[in-house]
Amino acid sequence: MANLFGGNFVVTYILRPDRTMTSHAKCNFPQLLFFSSIQNLYLSVSGTYDTEDGSNICRVDFDNTWVRQQQQDDDDDQGPYETLQSVPDSPTKNFIQTVGRWLFIRQFSVFPISFLDNDLIVFDFELLGTRICAKKQQ
């Protein structure tokens, strides 16, 4: 999908033992942002994860959404806001949170697992016809 717009994105998942999670996607799409002062955009979500059937299907439920923009003239990439609470209060923060809740569709948050061990998971994102591989970082 990133190649379609001449850019890239890198996604980081933080999965905690209590089944809460946070995800940060660093997006850089020069062709889309050509007329903008934005260099990078961080899209972040948090919520919970679990299994649908005990082993072969995972489910995520996102309840918070936030963004952080890095301007083109800013050489210091500060990364994403770690939590929704760390985002400064503003109408934009409230708007992004509201839109994120509207766009979360539970039917698209269930992922068949192709492979799983202690360090690696491979799952299918059927909505986009994509297979995703995620490796645990120490």
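A disulfide is a pair of cysteine sulfur atoms within 2.5 Å. In the predicted model described here, a search of the whole structure returns zero disulfides. The surroundings of individual cysteines were examined as well. Cys27 has a relative accessibility of 9% and therefore counts as buried. Cys133, by contrast, counts as exposed because its relative accessibility is 54%.

The chain is made up of one helix and seven strands. Read from the N terminus, these elements follow the order β-β-β-β-α-β-β-β. Of the 138 residues in the chain, 30% are classed as buried. Among contacts in the chain with a separation of 6 or more, 41% are accounted for by residues 24 or more positions apart.

In soluble globular proteins, nonpolar side chains tend to be buried together. In the present model, the largest nonpolar core consists of seven residues, namely Met21, Tyr49, Cys58, Val60, Phe111, Ile113 and Phe123. Two or more residues of this core are contributed by strand 4 and by strand 5 (110–116). One of the core members, Cys58, contacts Ser109, Val110, Phe111 and Ile113, as well as Asp50 and Thr51, when neighbours within four places in sequence are set aside.

Strand 4 spans residues 57–71 and includes Asn64. With a relative accessible area of 17%, Asn64 falls under the 20% limit and is therefore buried. The side chain of Asn64 is joined to that of Asp63 by a polar contact of 3.4 Å. Beyond residues up to four places away in sequence, Asn64 touches Ser44, Val45 and Ser46, together with Leu84, Gln97 and Arg101.

The loop between helix 1 (91–103) and strand 5 contains Arg106. This residue counts as partly exposed because its relative accessibility is 43%, a value between the limits of 20% and 50%. Although Arg106 and Arg59 are 47 residues apart along the chain, their C-alpha atoms are separated by 8.7 Å. Arg59 is also among the residues that Arg106 touches, and the others are Glu52 and Asp61, with residues up to four places away in sequence not counted.

Note on methods: Residues are numbered from 1 along each chain as its sequence is written. This is a predicted model: local features need pLDDT of at least 70, side-chain atom pairs count only at pLDDT 80 or more; totals for chains, interfaces and linings use all residues. Side-chain values use heavy atoms; hydrogens and water are left out. Buried means under 20% relative accessible area, exposed over 50%, partly exposed in between (1.4 Å probe, protein chains only). Helices (H or I, at least four residues) and strands (E, at least two) are DSSP runs, numbered from the N terminus. Contact means heavy atoms within 4.5 Å. A polar contact is a pair of N or O atoms within 3.5 Å; within protein, one must be able to donate a hydrogen and the other to accept it, and residues adjacent in sequence count only if both atoms are side-chain atoms. A nonpolar core is a set of buried Ala, Val, Leu, Ile, Met, Phe, Trp, Tyr and Cys residues joined through side-chain atoms within 4.5 Å.
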